[in-house]
Each structure stands twice: as structure tokens, then as C-alpha cells.
Amino acid sequence: MEKPHYKRLHNIIERTATFVARQGAQMEIILKAKQSQNTQFQFLEFGHHLNPYYKLLVKSIASGVYVPEAQQIKEAESAAPAVKGTMTQQDFAPVVVHGNTAPAEVTDGNRGDARSTSGKQDDDTATSSGSSDDED
């Protein structure tokens, strides 16, 4: 089974697998339909080389064998003991191809949480909330 070559792609797959594991298989069908033109979600297609990896993550998360990185961080912050026999982020870590490395912003430890992905939304909100042009 092939693993993603970049951490950013692994994070997308992991978040999607977590969502599908919690919401059910019907959500995967909806995601496939809505994201069919999005190249970042090609792993949802059966013939894609990362689909088996994605399916393994969904199954592992649903069964509790694999704990997603975001959940591991929450547990560590609350000092909850790790469940014996669970797999960690390192077990599903992306592989770096010889000589190819991910850009610095992908490998700098950014976990892809809501704060790091909402920068554009914050900018839009900031510009629309302080606008006085509409009052004329």
C-alpha cells in the first residue's frame, strides 16, 4: 500500500477519514460528489493509488485502532493516558521520495487545525466588518 508523499496530503486524507468514520459511508458519497473536481480529493476514487490508504484510515479510526493526530494532541493536553494497542501518527506517516521534500510550510509542524486554515476567512471577515462604504 502506498502512503502519501507529503504531510499536507496525509492531513487531508486523515481529516476526511475521521469525518467519514464518524458520519458514515453516506458522507463519503456526498464528499465524492461535491469534491469531484477538486484534485486534493482524488484519493476518494476507487482507482486512485491512495484509496487503499484512505480506506485503511477510515477503518482504523472507526474501530479505534488509529487515533488521529488532532485527537492525540487533545488527549496529551488533557493528560489522558494513551490507550494500549492504538496506532499513532508515526505509524501512518507520509513517505519522503528520494530527493523530494515538502515545502517548509508543509513540514513545519502545522497540524492543519482550524486556526491555520481559516486565515482567508479571517481576512474576509475583518474587511467586511469594518466597512463604512455601505453607509452612504
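Is Glu-28 buried or exposed? Glu-28 is buried, with a relative accessible area of 9%; buried denotes under 20% relative accessible area, exposed over 50%, and partly exposed the range in between (1.4 Å probe, protein chains only). The model is predicted, so local features require pLDDT of at least 70 and side-chain atom pairs count only at pLDDT 80 or more, while totals for chains, interfaces and linings use all residues. Residues are numbered from 1 along each chain as its sequence is written, and side-chain values use heavy atoms, with hydrogens and water left out.

Side chains of opposite charge can pair when their charged atoms come close. Here the partner is Lys-55, at 2.9 Å, N to O. The pair links distant parts of the chain, 27 residues apart, with Lys-55 in helix H3 and Glu-28 in helix H2. Helices are DSSP runs (H or I, at least four residues) numbered from the N terminus. Lys-55 counts as partly exposed, at 30% relative accessibility.

Two packed helices are described by the angle between their axes and the distance between the axes. Axes are lines fitted to C-alpha atoms, for helices over the stretch in contact, and angles run from 0 to 180 degrees between N-to-C directions. Helix H1 (residues 7–23) packs on helix H2 (residues 25–34) at about 135°, the axes being 6 Å apart. H1 is therefore oblique to H2, since angles under 35 degrees count as roughly parallel, over 145 as roughly antiparallel, 65 to 115 as roughly perpendicular and the rest as oblique. Thr-16, Phe-19, Val-20 and Gln-23 of H1 meet Ala-25, Met-27, Glu-28 and Leu-31 of H2, where contact means heavy atoms within 4.5 Å.

Leu-31 of helix H2 is buried, with a relative accessible area of 16%. Leaving aside residues up to four places away in sequence, Leu-31 touches Thr-16, Phe-19, Val-20, Ser-36 and Leu-44. Phe-41 is ten residues from Leu-31 in sequence and 8.6 Å away in space, C-alpha to C-alpha.

H1 also packs with helix H3 (residues 51–63), at an angle of about 45° and with axes 8 Å apart. H1 is thus oblique to H3 as well. Among the residues making this contact are Ile-13, Ala-17 and Val-20 of H1 and Tyr-54, Leu-57 and Ile-61 of H3.

Key:
Helices (H or I, at least four residues) and strands (E, at least two) are DSSP runs, numbered from the N terminus. A salt bridge is a side-chain nitrogen of Lys or Arg within 4 Å of a carboxyl oxygen of Asp or Glu.
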